[in-house]
Amino acid sequence: MALPTRKFDAVIVGAGGAGMRASLQLAEAGLKVAVLSKVFPTRSHTVAAQGGIGAALGNMGEDSWLWHMYDTIKGSDYLGDQDAIEFLCRMAPQAVIELEHFGMPFDRNEDGTVYQRPFGGHSQNFGERPVQRSCCAADRTGHAMLHTLYQRNVRANTLFFVEWMALDLIRDASGQVLGVTAMEMETGEVWIFHARATLFATGGAGRIYSASTNAFINTGDGLGMAARAGIPLEDMEFWQFHPTGVAGAGVLITEGVRGEGGYLLNKDGERFMERYAPTMKDLASRDVVSRAMATEIKEGRGAGKEADHILLKLDHLGLDVIEKRLPGIREIAKKFANVDPVKDPIPVVPTCHYQMGGVPTNYHGEVVAPANGNPNTVVPGFYAAGECACASVHGANRLGTNSLTDLLVFGRASGESVIRFLKENPGHKDLPVDAGDYSMQRIARLDGQTGGESVFEVGAEMRRTMQAHCGVFRFPDMLQSGVQKIKAVAERAKRTEIKDKSKTFNTARVEALELDNLIEVAVATLVSADARQESRGAHDRADFAKRDDVNWLKHTLWYRDGSRLDYKPVNLKPMTAQTFEPKVRSY
């Protein structure tokens, strides 16, 4: 059916850090750009990033982008592509200085330079000692970044479509992406956004787990749309469990707490990280700390009546330091844990936090997919940046602070790539005659379904399955049964019914469409995890306890069609730097 159409030079789906950094690049180049967002831009999930932006500015002592590169590769457990990681770390200082010039209210040293705090996994001289590399605005860095970027976009006349949900990609017969279908959430009206270039910056999909630091908007929309359009999802078995989510609530307690001098204790008051990571201790890489905490709990040294959490101690820092550097954390602890960290430790547990995988891209932000024997063939007119993309700079485990660095560096890089593409490809290509039909069929199925299952109940079963079968530790029988269970849940998701068929403020319809996206991510995760027969980074298998560089130094590609898997090699060749050969990780 014919749908109303709006035309733009570029459409960006998602108004978080990556989306707004890219839109700023495009708007300042004089292009007509539309940004679609399910929430007001300053409410995007980037707002929850607390600890800082990783960049080797060297304001607190000697530092180097090459050391940052080494730490990122080591943190990735050598699954990160080294050309992309070099690009990230080389560009990081420039990205931070650029953001500072946009008006970002960074914390300052007495000499006026940007204050930098220590963070897990960051070191001087290739792992010798911790380094202060995280550029922060107290413990509200993401919040400050969003407001800064939004103000600059308003100045550049970026056009925002707030409370709009993208539904599906539009591709022509050649495979070029020509825009998206999108629904205005208030009215239920569906439009075509016809674009010469389309960029996804839709964030992560942490809501596939029942315990997550992610907001309820993090439903993997970009990943679901890409998968339905025939594009594979890369490395979806790798999910980072942040060591410090508030026990029972999942709300994030930034690694910056440990960067400022906080530390973890078991029920016996022991600083147990000294046993697991003698050099970096509480500032070891996140997968190392999360596994150590899970081990302490599993072996009976957890705190509390149920012995089910660990204690994060920061009262020794004193009121002045906490109020200056960690005011938001004190507020979170009071509200969600009912403790004042000035007096008592915060109860914490490892909690699903970040997806390392996503839509495959190169370090220019161009989406790539295997074609004609080339695993990295560029999909014309399609770009992705931020957590929904997989460059791959995070590999099997993301280094703390690199999420915000990723947003800035690849948001800008993808914007530059779009500008180049539009110069080379003037004018809009014609839309397919059936553009929009697929989206309308999906909505018609939801609206017409009677006697179907509850969206809430199917979603809850998906989250229970993921939490039980694909958590911090993974066991062969649990993975195998998990694959069968999640595929059964996926079949149930095809039969969900919207109980409230009103199209005004249609939250039931939005939640059903979000479940369509989440279930693609959940299936991709469990199928990919079951197939990867090794332990690497955040993927820890009981039956394959060691990393296997001979057989598994490769990226997973999951295709929705038949839930099939393919693989492509990790790029161990940097742009200019030395190659960092895989070796045993120790902290």
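1. Accessibility. A residue is called buried under 20% relative accessible area, exposed over 50%, and partly exposed in between (1.4 Å probe, protein chains only). By this criterion asparagine 372 is exposed, at 86% relative accessibility. Asparagine 372 sits in the loop between strand 16 (366–371) and strand 17 (374–384), and has a positive phi of about 55 degrees although it is not a glycine.

2. Basis of the note. The model is predicted: local features need pLDDT of at least 70, side-chain atom pairs count only at pLDDT 80 or more, and totals for chains, interfaces and linings use all residues. Residues are numbered from 1 along each chain as its sequence is written, and side-chain values use heavy atoms, with hydrogens and water left out. Helices (H or I, at least four residues) and strands (E, at least two) are DSSP runs, numbered from the N terminus.

3. Further backbone features. Most residues other than glycine have a negative phi, and most peptide bonds are trans. Tyrosine 78, not a glycine, has a positive phi of about 65 degrees. The loop between helix 2 (65–75) and helix 3 (82–102) holds tyrosine 78, which is buried, with a relative accessible area of 2%. Alanine 391 and serine 392 are joined by a cis peptide bond, with omega about 0 degrees. Serine 392 belongs to the loop between strand 18 (389–390) and helix 11 (402–424).

4. An open sheet of 4 strands, with antiparallel pairing, has the order 11-14-13-12; two strands pair if DSSP finds at least two bridges between them. Strand 11 (239–246) and strand 12 (263–265) are the edge strands, each pairing on one side only. From one strand to the next the twist averages 50 degrees. Axes here are lines fitted to C-alpha atoms, for helices over the stretch in contact, and angles run from 0 to 180 degrees between N-to-C directions. Between strand 12 and strand 13 (residues 310–313) there are 3 bridges in the antiparallel sense, and leucine 264 has leucine 312 as its bridge partner in strand 13.

5. Helices against the sheet. Helix 8 (residues 286–298) lies across strand 11, strand 12, strand 13 and strand 14 (346–355), at about 60 degrees to strand 11. In helix 10 (residues 327–337), the buried residues are Pro327, Gly328, Ile329, Arg330, Ile332, Ala333 and Ala337. These buried residues of helix 10 pack against strand 11, helix 6 (256–259), helix 9 (319–325) and strand 14, where contact means heavy atoms within 4.5 Å. Asparagine 338, which follows helix 10, has a positive phi near 60 degrees.

6. The largest pocket. On a 1 Å grid over the protein atoms alone, a cavity is a set of points where a 1.4 Å probe fits but cannot get out, and a pocket is an open set with protein on both sides within 12 Å along at least five of seven lines; lining residues have an atom within 4 Å of a point. Grid points are joined across faces, edges and corners, and a volume is the space filled by probe spheres set on the points. The largest pocket has a volume of about 880 Å³. It is lined by 32 residues, of which Val47, Ala48, Gln50, Val251 and Ile332 are the closest to its centre. Helix 10 gives the most to this lining of the largest pocket, with 6 residues.

7. The second largest pocket. This pocket holds about 590 Å³ of space. Among its 21 lining residues, Phe216, Thr507, Val510, Glu511 and Glu514 are the closest to its centre. Helix 15 (507–531) is one of the elements that give two or more residues to the lining, and its 6 residues are the largest share.

8. The largest cavity and asparagine 218. The whole structure contains 3 cavities of 30 Å³ or more. The largest cavity has a volume of about 680 Å³; of the 48 residues lining it, His45, Thr46, Gly203, Asn218 and Glu387 are the closest to its centre. Asparagine 218 is in the loop between strand 9 (190–200) and helix 5 (221–228), and counts as buried at 4% relative accessibility. Not counting residues up to four places away in sequence, asparagine 218 touches His45, Gly204, Ala205, Gly206, Arg207 and Leu518.
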